[in-house]
Amino acid sequence: MRTFKKTVCVLIAVLLMAAFAGCGYNPETVMTVNGMDIPCGIYLYYQMTAAALAQQEYQTATGEEETKAENYLDGTLDGIPVRDWINDKTVTLIKQYVYIETEAERLGIEMTDIDYYYAENYLGTYWQYFSANYMKNGINQETYLKTVYNTYKSSMVLDKLFNTGGEHEIPQAELEKIYTEKFANADYIKFPTTDVTGAALDLNGMKAVLDAATAIQAEAQETGDLKAAFLNHGKEILIATAELDAGADDATAATAVEEKYTSLVKENALLRDGDGTLTTDEMAAVAGADEGSYRISSTDTSILLFCKKPFTEDQTLESQRETLVAMAAEQPFLELRDKTIEHYEVQADQKARDYYSLDKVVLI
């Protein structure tokens with residue numbers, strides 16, 4: 001599955017001053033990069049992104065939580081004026097955009113109907129919330145969609161270059177190493193650490209859940225029957241989370257516990273480091289465990305019971321090849337891109353850049 005990389009351009013709103021939208025001079029393109037004309041909308045989009053990155057960097061460097069225009073645009077980053085930093089970053093981001101478009105064309109990559117569907121579906125959801133900020137900056141829906149397509153193509157270019165038969169094919173041995181170290185098959189239960197209202201459990205509540213989880217682990221390890229172990233000890237969990245009254249009759253309690261088990265247990269789950277299912281520490285615990293052994297990984301805010309298992313017949317390296325290639329090639333791909341764009345010729349229309357410069361916008 002191809003995913004969108006989260007952009008930081010929405011961290012700020014950029015509002016144009018009246019002079020920006022005035023009559024008269026209104027250039028359609030701002031520069032040419034590696035022979036590709038860059039429309040004003042694309043330029044403005046990446047200028048917004050660069051300004052957001054500058055704001056982040058300034059916050060990190062100064063520790064200031066509020067970074068309005070007056071206290072960071074006139075500051076310095078990496079030893080240079082912030083405005084110059086933003087201008088340079090804008091060109092770099094545009095070069096990266098051009099690299100993807102150029103490579104996609106060179107490699108004969110075309111988006112499929114399903115790619116277009118997902119891209120446009122994403123746009124429909126995203127645009128309804130942030131369109132006002134973009135439109136006020138001369139960035140229309142069509143322009144933003146081009147950047148979304150570019151993100152899709154980026155994944156496709158990486159795959160084409162580094163997957164089987166690619167110009168920079170990742171060796172099979174490297175993929176196998178990543179698969180065994182970063183993936184795992186497991187049965188697991190993430191126990192609740194909040195009560196029925198969503199409030200975090202207090203120390204007594206967490207202790208009750210952990211004690212029940214420990215009892216479940218011990219019984220499951222002895223009998224190999226996780227469900228039976230949960231049914232025997234799960235009542236205490238529901239009482240701790242206020243999902244079940246301590247005085248509930250046995251039939252009511254048994255039904256509630258079985259329903260809870262069904263909602264919590266995950267069997268033969270293919271887990272991957274970084275997929276968001278488990279925390280980094282939890283994934284490391286699962287990956288490093290012996291197969292067939294029930295273990296608990298817990299912190300002050302999480303309790304995980306798991307049993308690592310051999311991969312199933314369906315959980316093959318080949319079934320995860322695209323993800324593995326993306327993981328293995330992430331850094332080499334960025335290095336290849338950055339090395340390539342160093343040689344891109346940039347012919348800027350300085351009058352156009354001045355027209356769309358940061359001096360013509362107010363950042364809030």
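Buried residues, those with under 20% relative accessible area (1.4 Å probe, protein chains only), make up 43% of the 364 residues in the chain. The model is predicted, so that local features need pLDDT of at least 70 and side-chain atom pairs count only at pLDDT 80 or more, while totals for chains, interfaces and linings use all residues. Residues are numbered from 1 along each chain as its sequence is written, and side-chain values use heavy atoms, with hydrogens and water left out.

The secondary structure of the chain comes to 13 helices and 11 strands. Helices (H or I, at least four residues) and strands (E, at least two) are DSSP runs, numbered from the N terminus. A contact means heavy atoms within 4.5 Å. Among contacts between residues at least 6 apart in sequence, 73% join residues at least 24 apart.

Two pairs of helices may be considered next. Helix α4 (residues 113-135) packs against helix α5 (residues 141-162) at an angle of about 135°, and their axes are 9 Å apart. Axes are lines fitted to C-alpha atoms, for helices over the stretch in contact, and angles run from 0 to 180 degrees between N-to-C directions. Angles under 35 degrees count as roughly parallel, over 145 as roughly antiparallel, 65 to 115 as roughly perpendicular and the rest as oblique; α4 and α5 are therefore oblique to each other. Residues of α4 in this contact include Tyr116, Leu123 and Trp127, and those of α5 include Tyr144, Val148 and Met156. By class, the contact of α4 with α5 has 15 nonpolar, one polar and two charged residues. Here Ala, Val, Leu, Ile, Met, Phe, Trp, Tyr, Cys and Pro count as nonpolar, Asp, Glu, Lys and Arg as charged, and the others, Gly among them, as polar.

In the second pair, helix α6 (residues 172-182) and helix α12 (residues 321-341) pack at an angle of about 100°, with axes 10 Å apart. These two helices, α6 and α12, are therefore roughly perpendicular to each other. The contact of α6 with α12 has seven nonpolar, one polar and three charged residues. Among them are Leu175 and Ile178 in α6, which belong to the group that meets residues of α12 including Leu324 and Val325.

Attention now turns to single residues. Thr32 is found in strand β2 (residues 29-33), and at 19% relative accessibility it counts as buried. The side chains of Thr32 and Asp37 are joined by a polar contact of 3.0 Å. A polar contact is a pair of N or O atoms within 3.5 Å; within protein, one must be able to donate a hydrogen and the other to accept it, and residues adjacent in sequence count only if both atoms are side-chain atoms. Leaving aside neighbours within four places in sequence, Thr32 is in contact with Asp37, Glu345, Val346 and Gln347.

Most residues other than glycine have a negative phi. Asn34, in the loop between β2 and β3 (36-39), has a positive phi near 55°. With a relative accessible area of 36%, Asn34 is partly exposed, a term for values between the buried limit and the exposed class, which is over 50%. Asp78 also has a positive phi, of about 55°, although it is not a glycine. Asp78 lies in the loop between β4 (76-77) and β5 (80-81) and is exposed, with a relative accessible area of 65%.
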